[in-house]
Amino acid sequence: MQDAIYPVIGNQRSFPFYLTGVGISSPENHIIRKNGLRSHQILFTREGEGQLQAGGQSLRLKEGSVFYIMPGIPHEYYPVDGRWTTCWVVFQGNSLQQLMQDLEFPSFLCREVPDIQQISRLFENIYASAGNPLRGNEKCSLLIYEYIMTVRRVLLFDTGDTCPNSVIDAGLIFMNEHYDRDISLGELASLCHISPQHFCRVFRLETGMRPMEYLTQKRMLEAKVLLCNTSQSIAEISRQTGYEDPAYFGMVFKKHEGISPSQYRRTKASVIL
């Protein structure tokens, strides 16, 4: 079974991120790309095993293995057994090559992830959104950013159960997935089974900012993407980013960006992520 969606690329080219393809290969084929891909690729093994050759390495891709590869990097992968099922996403975007380097992604990276659930859930959301040719492009742009950052965390920083920031993971994930609703510090601490004071201390140690400061930064980032890439009203964007009062949203936005949401939209500024 080869289920793949390749969106028709139109105004997505102006997006900071846009999907060029998403699919499930079951079983996966023998793939040889002597010149690499034109897009960035993230692939993970859902079932079975495969073998990957890239960057001078030969690696076994067991269930839960995830790899990222930049455009233009020669690589080859093939099934080790007949059950090898992969889930893959390929994407492009303005200045994305430099952005991935700034986010510390090397040209090639592979790792076996102990818990693939969050990555798998995001993949399913991207796949479902890609199937909607009318409304899916903008949603995919937002999801790809979240996908990149989730994969970055598990490939570059997580080290299993001993990961030092594991105590705040549930709260951090909750904020990234539910930034559009009212969130309290007590709720976040409760999700992590620690006191609000301890949650704040660990969160600031690991992220360099307070929890509510992080939440505001996340909301402003999503608001900028929506302002640049959609025609939704300021009030709609306000609600989608967790602010019931558009006037208050405008005040917070101006404090962070120096200009109002309407002015930001008129400038057609590039979203710097």
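Buried means under 20% relative accessible area, exposed over 50%, and partly exposed in between, with a 1.4 Å probe and protein chains only. The model is predicted, so local features need pLDDT of at least 70 and side-chain atom pairs count only at pLDDT 80 or more, while totals for chains, interfaces and linings use all residues. Residues are numbered from 1 along each chain as its sequence is written, and side-chain values use heavy atoms, with hydrogens and water left out.

**Exercise 1.** Classify glutamate 222 and describe its link to lysine 218.

Solution.
- Glutamate 222 has 3% relative accessibility, so it counts as buried.
- Lysine 218, at 7%, is buried as well.
- The two form a salt bridge (a side-chain nitrogen of Lys or Arg within 4 Å of a carboxyl oxygen of Asp or Glu), with the closest N and O atoms 2.6 Å apart.
- Both residues lie in helix H7 (residues 211–229), four residues apart, about one turn of the helix. Helices are DSSP runs of H or I with at least four residues, and strands are runs of E with at least two, numbered from the N terminus.

**Exercise 2.** Find what the salt bridge of glutamate 257 and lysine 224 joins.

Solution.
- The side chains of this pair meet at 3.5 Å, N to O.
- Glutamate 257 belongs to helix H9 (residues 246–257) and lysine 224 to helix H7, so the bridge ties together parts 33 residues apart in sequence.
- Glutamate 257 is partly exposed at 29% relative accessibility, whereas lysine 224 is buried at 12%.

**Exercise 3.** State how many salt bridges the rule gives, and name a network.

Solution.
- The count is nine.
- Glu47, Asp81 and Arg83 are linked in a network of salt bridges.
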